[in-house]
Amino acid sequence: MAGKPKLYYFDGRGKMESIRWLLAAAGVEFEEKFVETKEQLEKLVKDGDLLFHQLPMVEIDGMKMVQTRAILSYIAGKYNLYGKDLKERALIDMYVEGITDLMQMVMMLPFSPAEAKAKNLASIEEKATKRYFPVFEKVLKQHGQDFLVGNRFSWADVQLLEVILAVEEKIPAVLSGFPQLQAFKTKMSNVPTIKKFLQPGSARKPPPDDNYVATVMSIFNLN
Amino acid sequence: MVSKYEGQKIDFINRRIISSSYFCPKHVFSKTSTSTLTFFQDPCSSHRPLRFMQITAVLLAAVPLGTAWRAGWGRPGSAQAGGGRHFACWRCGNWKSEVMAGKPKLYYFDGRGKMESIRWLLAAAGVEFEEKFLETREQYEKLLQSGSLLFQQVPLVEIDGMKMVQTRAILNYIAAKYNLYGKDLKERALIDMYVGGTEDLMGFILMFPFLSAEDKEKQRAVIVQKATSRYFPVYEKVLKDHGQDFLVGNSFSWADVHLLEAILMVEEKKSDVLSSFPQLQAFKRRISSIPTIKKFLEPGSQRKPVPDDKYVETVRRVLRMYYDIKAN
């Protein structure tokens with residue numbers, strides 16, 4: 001009734017990308033307002049739109065929501081992607097938090113100084129293949145179901161697919177030791193809402209390039 | 001959360017729900033997953049029965065339970081009865097198979113770190129818990145090998161038959177279980193936002209003990225600046241605008257516990273940091289006097305002291321984390 005959710009962020013992935021994924025997976029159309037200059041950000045702060053002066057911000061259901069995790073939890077809860085009870089929610093939360101830790105490393109990569117990039121990339125590969133992917137490979141193998149939790153599509157599945165694709169962009173063969181995850185990736189990519197999101201012309205943002213990095217740095221006076 | 005058994009009468013013979021308006025909602029009535037009925041006398045920790053109502057319920061239950069026994073089921077709690085391992089809190093409908101499983105058990109260093117918020121929340125909810133402190137590398141490696149650490153990290157909390165990791169997941173679970181997470185999705189959204197802010201603020205303090213002396217001074221200033229210009233004003237305004245005692249929904253929640261924890265931690269860095277925040281000063285006094293929190297703030301509780309060099313050494317040794325930590 002309140003209209004489509006409206007996303008305020010830079011024209012790029014960053015912390016907002018998980019929110020775009022989740023809304024898209026839930027089949028929810030949304031609008032975006034791109035922050036391109038420091039002045040635009042300062043105006044949002046001055047107008048009192050950003051609770052902690054930070055982005056992402058999502059106008060949804062009459063609220064100006066901030067804090068990525070709060071926004072994702074709300075969307076997951078609202079669109080029934082958060083399990084059927086407290087225990088399933090606990091599992092989803094554990095999986096999502098682990099995936100977020102890995103996603104964070106990928107997100108920060110373009111912002112690393114040139115001399116640290118190779119080291120950080122190696123760190124991502126190590127964590128992905130030794131710490132995170134083995135967990136989800138095992139979960140899927142043990143229950144033999146299509147989805148991570150409760151034999152039902154959830155936020156955890158969306159988040160896992162997102163991070164798999166993000167890491168693959170940097171390390172193309174990263175799934176080579178993980179047959180369950182390969183099958184998972186294929187299956188999830190074919191979920192109709194996700195398939196649509198993966199097609200050109202969707203709201204999905206491309207991998208961060210130098211232009212994106214420069215925009216963010218200038219907005220936050222980081223250069 | 002309303003129990004699906006509330007206002008229901010139980011057909012004990014056929015093990016079906018009919019209606020049962022004569023049971024006090026504060027009573028905990030249990031039904032095992034194998035459908036053997038067991039009367040559980042201790043409610044979940046958020047609902048304490050009034051003694052006279054408890055006695056009344058025992059008397060009322062005697063007839064149907066007697067019937068159940070005649071039908072050939074075991075006495076409550078007996079092996080024949082299925083051991084009574086599963087219970088539902090009448091009031092909030094939480095399945096409580098964990099009651100037999102014992103108290104939550106926390107695995108972490110003997111110090112604050114990421115586990116402290118979990119200690120606060122459990123304490124605020126009036127939940128007793130045990131702690132297993134990691135002191136040596138060997139203990140940590142043993143824990144790793146046991147497969148208990150999903151992502152090879154602590155905190156780890158054994159609770160309700162789960163080995164939970166990821167601080168935020170654990171906190172979410174505890175908050176929801178003990179009704180400290182708001183009454184609906186929108187209140188939960190507010191709590192999540194507020195907790196996200198206090199979490200970010202406490203994040204500046206989390207690595208403080210690991211910084212060099214010089215960086216510590218700089219970081220102290222950053223902490224105070226963030227607290228007074230970005231975070232405290234938000235909560236000051238929230239409290240001023242609605243004039244209520246608690247941050248969300250006029251009801252004590254996780255957001256209040258987390259904010260109090262953050263306030264006290266920042267005050268340890270600068271004792272007069274609340275001087276321009278009258279609402280927060282009043283809030284601090286109010287929340288500190290809530291009985292479970294008051295108890296937690298007293299000496300001898302499981303609250304951990306400000307981290308010292310010994311704590312830093314222990315963490316570095318156990319995690320083999322010998323690199324320098326830089327301030328953010």
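**Strands, a helix and salt bridges**

In chain A, strand β1 (residues 6–9) runs parallel to strand β2 (residues 31–34), and four bridges join them. Two strands are said to pair if DSSP finds at least two bridges between them. Helices (H or I, at least four residues) and strands (E, at least two) are DSSP runs, numbered from the N terminus. Within this pair, A:Y9 stands opposite A:F34 of β2(A). The chain passes from β1(A) through helix α1 (residues 17–25) of chain A to β2(A), a β-α-β crossover that is right-handed. Right-handed here means that, with the strands pointing away from the viewer, the path from the first strand over the helix to the second runs clockwise.

β1(A) also pairs with strand β3 (residues 57–60) of chain A, in the antiparallel sense and over three bridges. There, A:Y8 stands opposite A:M57 of β3(A).

A word on how to read these values. This is a predicted model, in which local features need pLDDT of at least 70 and side-chain atom pairs count only at pLDDT 80 or more, while totals for chains, interfaces and linings use all residues. Residues are numbered from 1 along each chain as its sequence is written, chains are lettered from A and ligands numbered from 1 in the order in which they are written, and side-chain values use heavy atoms, with hydrogens and water left out.

Let us turn to A:R131, which is found in helix α5 (residues 114–143) of chain A. A salt bridge is a side-chain nitrogen of Lys or Arg within 4 Å of a carboxyl oxygen of Asp or Glu. A polar atom of the A:R131 side chain does lie 3.3 Å from the backbone oxygen of B:F151. Neighbours within four places in sequence aside, A:R131 is in contact (heavy atoms within 4.5 Å) with A:E126, B:F151, B:Q152 and B:Q153.

In chain B, helix α3 (residues 116–124) is mostly covered, with nine of its nine residues buried. Among them are B:R119 and B:W120. After α3(B) comes B:G126, whose phi is positive, near 75°.

B:R119, buried at 0% relative accessibility, forms one with B:E131, the closest N and O atoms being 2.8 Å apart. B:R119 lies in helix α3 of chain B and B:E131 in strand β6 (residues 130–133) of chain B, so the pair ties together parts that are twelve residues apart in sequence. In chain A, salt bridges that share partners join A:E17, A:R20, A:E32 and A:K205 into one network.

Is A:K84 buried or exposed? A:K84 counts as exposed, at 61% relative accessibility, whereas A:E88, its salt-bridge partner at 3.2 Å between the closest N and O atoms, is buried at 11%. A:K64 and A:E59 also meet in a salt bridge, at 3.5 Å from N to O. Of these, A:K64 is partly exposed at 38% relative accessibility, and A:E59 is partly exposed at 24%.

Definitions and conventions
Polar contact = N/O pair within 3.5 Å; in protein donor to acceptor, adjacent residues only side chain to side chain. Buried < 20%, exposed > 50% of the residue type's maximum accessible area, 1.4 Å probe, protein only.
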